[in-house]
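This report looks at aromatic rings and the charged side chains placed over them. The sequence and structure come first.

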Amino acid sequence: MSGNGLKACLVLSGVALSLSLGFSGAGAQSASQPSQGPAAAPSKLAEEQFKNIQALKGIPADQVVPSMQFISASLGVECEYCHVHGAMEKDDKKPKVTARKMIVMMMAINKDNFEGRREVTCFSCHRGAKNPVPIPIISDEEAKPDNGEAKKSGEGKPAFPAAEQLLDKYLAALGGADALQRISTRVQKGTATAFGGDRFPVEVYSKGPDKRLSIMHLKGGDSVTAFDGKQGWLGVPGRTHMMSAAESAAARMDADLYFAAHLKTMFAKFRVDAGEKIVDRSTYVVSCLNEGQPPLQLYLDQQSGLLLRLVRYAETPLGRNPTQIDYADYRNADGVKVPFRWTLARPGNRFTIQIEQLQQNVPVDDAKFVAPPPSPPAAAPKPSTP
């Protein structure tokens with residue numbers, strides 16, 4: 001892929017994917033469940049698709065862009081801090097050469113000290129800054145002493161409700177499984193606030209059990225995020241990107257209308273802890289766990305049982321990219337509570353959706369969720385006749 005191709009892919013996977021609108025309040029099958037479609041073709045390796053790959057040789061090509069996003073978030077920089085505009089494969093900039101050395105060093109530290117587990121990442125040292133901070137920072141406030149007395153007293157971990165009890169309460173707070181199943185489609189229209197306060201019209205179409213299309217009408221054209229029941233795709237004017245397996249797994253979770261009813265069968269283990277306060281609401285955090293996968297964390301209101309925050313992670317060869325979705329303004333719609341406002345945040349960007357119109361159980365054509373066919377290649381110029 002050319003440098004311009006990588007830049008376009010970063011735009012699609014970074015900006016357009018960040019415009020994915022999160023759950024509609026009720027929906028998702030397990031991200032670990034296999035797609036019901038035909039088996040996907042094996043992914044190309046990074047060096048087979050991109051030019052001048054060195055430190056990341058051997059990783060799947062569809063992990064290059066998420067890895068670049070992880071570096072961008074860890075250092076607080078944009079693509080062109082390391083890359084030459086229009087020729088991203090070139091090594092003309094010193095930060096790119098340095099980045100390769102740092103990646104090799106990081107991988108060696110994990111291999112030699114942590115049995116290959118990714119315990120040290122770019123963020124471990126950079127913490128959102130271009131240069132690591134080598135000297136301890138003097139805080140403006142005196143550090144609070146460790147409460148050793150509590151430990152000496154033998155106080156155990158506070159007792160929390162069982163995960164199953166909390167998940168049942170969440171389902172009941174939405175209206176119950178039967179009420180969810182009575183919703184076959186949902187059409188939402190509203191406004192997105194992003195990019196420093198700019199406002200854009202938004203449409204979200206959902207169809208049970210697991211189809212979803214969101215459209216953000218930007219000034220330069222529509223940004224589309226969709227899941228057709230088998231695979232996810234992203235679209236911006238003139239380009240469509242078919243999601244990788246990891247991206248599709250997240251899109252599948254966003255697409256299912258019956259998330260709360262499926263949660264207990266989606267994951268093998270659950271852990272409950274005290275969650276942080278969200279606005280003024282106390283929460284329990286339920287960590288949903290499957291072996292070998294990042295956790296899904298659900299922050300549930302201790303009083304109402306409703307989902308106030310969801311945090312999920314996308315694995316990359318360099319670290320995990322987090323996504324946080326906060327839900328608010330729950331309203332009753334046909335016997336089911338639906339959040340009419342949600343805020344999606346990733347390192348470096350966030351936006352808020354406010355729904356202004358909602359309809360349920362209205363006709364939605366399956367064709368709406370299908371990715372457009374690829375653009376035909378440009379025709380070669382005809383030779384001039386003598």
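## Aromatic rings

In this predicted model, rings of Phe, Tyr and Trp count as a pair if their centres lie within 6.5 Å, and the count comes to 3 aromatic pairs. One of them joins F160 and Y284, with ring centres 6.1 Å apart and planes at 75 degrees. Planes over 60 degrees apart count as edge-to-face, so the pair of F160 and Y284 is edge-to-face.

This pair links distant parts of the chain, its two residues being 124 residues apart. F160 sits in the loop between α6 (148-152) and α7 (163-174), while Y284 belongs to strand β8 (residues 281-289). F160 has a relative accessible area of 26%, so it is partly exposed. Y284 has a relative accessibility of 17% and is therefore buried, as the limit for buried is under 20%.

Another aromatic pair is formed by F267 and F270. Their centres are 6.3 Å apart, the angle between the planes is 75 degrees, and the pair is edge-to-face. F267 is buried, at a relative accessible area of 11%, whereas F270 is partly exposed, at 28% relative accessibility.

## Charges over rings

Which residues lie over the faces of Y299 and Y205? R309 lies over the face of Y299, and K368 lies over that of Y205. The distances to the ring centres are listed below.

| Charged residue | Ring | Distance from the ring centre |
|---|---|---|
| R309 | Y299 | 5.9 Å |
| K368 | Y205 | 4.3 Å |

Technical notes:
Residues are numbered from 1 along each chain as its sequence is written. This is a predicted model: local features need pLDDT of at least 70, side-chain atom pairs count only at pLDDT 80 or more; totals for chains, interfaces and linings use all residues. Side-chain values use heavy atoms; hydrogens and water are left out. Rings of Phe, Tyr and Trp (its six-membered ring) pair if their centres lie within 6.5 Å; planes under 30 degrees apart count as stacked, over 60 as edge-to-face and the rest as tilted. Helices (H or I, at least four residues) and strands (E, at least two) are DSSP runs, numbered from the N terminus. Buried means under 20% relative accessible area, exposed over 50%, partly exposed in between (1.4 Å probe, protein chains only). A charge sits over a ring if NZ of Lys or CZ of Arg is within 6 Å of the ring centre and within 35 degrees of the ring normal.
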